[in-house]
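Morning, everyone. Let me put the model up, and then I'll walk through a few spots.

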Amino acid sequence: MKAGVFQFSVLVLFLLVGAVFTQRVRPKKPTKRPLTGKIPYILTLGPTPEKPEPKEPTDFPPPIIGPPSSFPDCPRECFCPPSFPNALYCENRNLRKVPVIPFRTHYLYLQNNYISEVTAEPFKNASELRWISMANNRIQRVDKQVFEKLPRLLFLYMEHNQLKEVPADLPVGLEQLRLSRNQISKIPAGAFTKMEHLALLDLHHNKLSDSDLGENTFKDLKNLVQLNLAHNVLKKMPSSIPNGITQLFLDRNSIDEIPKQYFQAFQNLAFVRLNYNQLSDKGVPKAVFNVSTLMDLHLAHNQLSSVPLFNPHLEHLHLNHNSIENINGTLLCPFNLNSEPNDEALVPKLRYLRLDGNHLSPPVPLDVIMCFRHLHSIVI
């Protein structure tokens, strides 16, 4: 009996195993289209369009908020380094307005944001500020009361904004004022009054014309070292420039004439740049550049047909890209080439002369070589 039961169990187990091994597995239908191995061809017409410049506040990226600072008065939009407690770094933070400035701040960095207006409220306790950089924003307006609260401010950088006039009521103690690459077409009367400490005034790449520069615009700037009025729309040499100035930059204007005695009153003038103007021989008096302090003179990209006379102390002369056809070393030389100079001071100190882009060709005239003995480089 037991043997029969055993045989029956073995038979059932055999049938079950056979059914499992003989069952056909049906393949599943693919849910995705199979890859063919070919890369699809994408038709592009022209360059990829650039991301549009934000115009409305809703288009601006959100302000960047940093972690909590060890200074309780540090704005969350800024960074207050523990090793430099007098500095406040708020640059590149997508800010729309100036945060509240702590009293301890001496150096404020706000460049590369989206600030369009500077109001007085954030500066009400910032009387210790010495340095402000607000370059590369969208500033169109500055409240008059802002600078009343900043009596110790020395450096103000507001280049590359949208200002249409020089801000009013600037601190009288300023030493550097940079307002380049704005849209300035107006300098209010008295804008620079009593600013006797200003050493650098940068107004290049604006929209200033002759009528915007009054006779007394710069008269109070008695310690001015550098004045940059390049890339404006001037047609005349600016008047009332302080006579102690060292560097005068007037490139890329439309100046076609220099008054005969224009440079004679300057006591320290060493660098003059008049590149890219409309100067011709007619508008350049014979000895206008005979200034003993002048060391570096740029007259490139004008309409000169001859080399103007210059002082023996001049060291660098740029005359490239004019209409010069010849250079007469005998005429330019301050001593007689037929004899040795009695005084070594008469030998010109010119070391660099650029004449390329004119109607000249090598070789360099012999009288030029004999006169300008300190020449290290001459480009024709």
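First, the ground rules. This is a predicted model, where local features need pLDDT of at least 70, side-chain atom pairs count only at pLDDT 80 or more, and totals for chains, interfaces and linings use all residues. Residues are numbered from 1 along each chain as its sequence is written, and side-chain values use heavy atoms, with hydrogens and water left out.

Start with L174. It sits in the loop between β6 (155-157) and β7 (176-178). Strands here are DSSP runs of E, at least two residues, and helices are runs of H or I, at least four, numbered from the N terminus. Relative accessible area for L174 is 0%, so it is buried. Buried means under 20%, exposed over 50%, partly exposed in between, with a 1.4 Å probe and protein chains only. What does L174 touch, leaving aside neighbours within four places in sequence? L153, L154, F155, L156, M195, H197 and L198. Contact means heavy atoms within 4.5 Å.

Next, N253. This one is in the loop between β10 (247-249) and β11 (271-273). N253 is buried too, at 7% relative accessibility. A polar atom of its side chain lies 3.3 Å from the backbone nitrogen of V233. Beyond four places in sequence, its contacts include L229, H231, Y276 and N277.

Last, M370. It belongs to helix α3 (residues 366-371). M370 is partly exposed, at 36% relative accessible area.

Notes. Polar contact = N/O pair within 3.5 Å; in protein donor to acceptor, adjacent residues only side chain to side chain.
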